[in-house]
Amino acid sequence: MIEVKNVIKAFDGRTVLHDVSATFYTGKTNLIIGQSGSGKTVMMKSLVGLIQPDSGEILFDGRNLLKMDTGQVHELRKEIGMLFQGSALFDSETVLGNVMFPLQMFTRQSFDEMRERAMFCLDRVNLKGAEDKYPSEISGGMQKRVAIARAIALNPKYLFCDEPNSGLDPKTSIVIDELLSDITHEYNITTVINTHDMNSVLGIGENIIFLNKGHREWVGDMSQIYDTANEALNNFVFATHLFQKVREYVVKNETPIPPEK
Amino acid sequence: MLITNSLATFGRYCIFMRRVFALPERWRIFMRRTIQEVGKLGLDSIPLVIVISIFIGAVIAIQMQLNISSPLIPAYSTGLATRDIVLLEFSNSILCLILAGKVGSNIASEIGTMRVTEQIDALEIMGVNSANFLVLPKIVGFVLFMPVLVVLCMATSLIGGYLVALFTDIITVSKYVYGLQALFTEWYVWYGLIKSFVFAFIIASVASFYGYYVKGGALDVGKASTDGVVASSILILLFDVILTKLLLQ
């Protein structure tokens, strides 16, 4: 579990996060949602230690990230997997090389053991057969899946995903969402996903934190989002005609639309 | 303002170097990456070094012969002057200025691209010291291989002059070869090699520094690459003066 308590962050006198508190639960897909400029990325980067908040606490199962020295942060990061918006795969390595990389850096396994683990992870994300290709030779959706395989190679306790569906078509987005949700439940990971994809919000949002202008305005799950009274959240989630229709349907029938299988 | 900015940049460079010169987490991976960098930065530069050296060596020999032909100056002086210019300045300082363009821009753009595509962030999130992992193999690989390039440059430049003597009638081969051997000072070779170690370090570390701290996108990578080449060229010229004063006087 990750607890964020009263985090404040300002850049050049402009406050981006205003006293934000939130809890991200183990074994659940935790979503941070909000409009562009709402502070999602700053929040995510603060969680992984790429940005130092001005005040507050970030507790990883009770361990305060903001009071750790460099060595402790490095140790904690070995428990973290991260999926970046642009996948951030190493161009000079093959798909297999990318997935094996964390194993080579942080385990004492033999090459065969590392290869076996990497192949297992690639199989888990349905990418067996692509191990010898380079990142530039595969599609954006496949790159995301390689990045997921790399992120789970070391069995992380915490998985962070920054805009995992950005640049993907709706069908591939659903595949990525389902994969993240399955992995979270299968390995009991604390998964935090930064997104403004409404399909993700309504499909896998088990714990949703809505940020608006740097304030945490709403917390709930995907079933509660349909009847929220929060105007900013309504304007954000149900901004399109399609999602307004979805909401009308759900409110009228008092049942969420089942996720597509 | 300029002084303040320069001091701030130098401070950041020192902090960066402290991170770079940490012990590698995995020696085997470090060795493998260093060998890769020797190939990428060193071996790949050999054709350029050979081509440039042959032509510049030839030009130096021709110009020396044209400018110092006098009944009062021995005919072998062309070979001697060509040799000393090559050993003292061309094979190290000028060569490194040329390599600052090739190798420096390669390093800065590679690391800068890794920065803007979040690959460096990915390394940091994994708990890897990205500065050490990415930059130390480049510095070690390039510094270790630099003497090979310098010696190759010395040899091919003198061969360039030899070809002028062989295929033209402005100087005889025997006088050119005699000049190459006359009044030879071994220390000049060592002087060139010592300078090249320093210049190789400057090229690899300064270009890495500019690439590592890129912010923005593709345009900024290009700018960082240019800045890295300009800064390392100026530092090479500055240290050329300092080292010449220290080593030759």
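This is a predicted model: local features need pLDDT of at least 70, side-chain atom pairs count only at pLDDT 80 or more; totals for chains, interfaces and linings use all residues.
1. Two residues are said to be in contact if their C-beta atoms, placed from the backbone, lie within 7 Å.

2. Which residues of helix α7(B) are buried? In this helix, which runs over residues 173-181 of chain B, the buried residues are Y176(B), G179(B) and L180(B). They lie on the same side of α7(B), because the arc that they cover around the axis is only 105 degrees. Among the elements that cover these buried residues are α4 (77-116) and α6 (130-167), both of chain B.

3. The face of α7(B) that is turned away from the buried side carries S174(B) and Q181(B), which are exposed. Just after the helix comes L183(B), a residue whose phi is positive, at about 50 degrees.

4. Chain A is divided into two parts, with domain 1 made up of 2-79 + 159-253 and domain 2 of 90-155. The centres of these two domains of chain A, taken over C-alpha atoms, are separated by 26 Å. Where they touch, domain 1 of chain A brings 11 residues to the contact, and domain 2 of chain A brings 11 residues.

5. Which helix gives the most to the side of domain 1 of chain A that touches domain 2 of chain A? Helix α6 of chain A (residues 170-187) does, with six residues. When the residues on this side of domain 1 of chain A are sorted by class, eight are nonpolar, two are polar and one is charged.

6. Between the chains, 14 residues of chain A are in contact with 13 residues of chain B. On the side of chain A that touches chain B, the elements giving two or more residues are α2 (70-77), β6 (80-83) and α3 (95-106) of chain A, and α3(A) gives the most, with three residues. By class, this side of chain A holds nine nonpolar residues, three polar residues and two charged residues.

7. The last point concerns strands β1 (residues 2-11) and β2 (residues 14-24) of chain A, which pair in the antiparallel sense over seven bridges. As one example of this pairing, K9(A) has L17(A), in β2(A), as its bridge partner. Together β1(A) and β2(A) form a hairpin with two residues between the strands, and in the turn D12(A) has a positive phi of about 50 degrees.

Definitions and conventions. Residues are numbered from 1 along each chain as its sequence is written. Chains are lettered from A and ligands numbered from 1 in the order in which they are written. Two strands pair if DSSP finds at least two bridges between them. Helices (H or I, at least four residues) and strands (E, at least two) are DSSP runs, numbered from the N terminus. Ala, Val, Leu, Ile, Met, Phe, Trp, Tyr, Cys and Pro count as nonpolar, Asp, Glu, Lys and Arg as charged, and the others, Gly among them, as polar. A residue is buried if 20 or more other C-beta atoms lie within 10 Å of its own, exposed if 12 or fewer, and partly exposed in between; C-beta atoms are placed from the backbone. The arc is that of the directions from the helix axis to the C-beta atoms. Domain bounds come from an automatic or database domain assignment.
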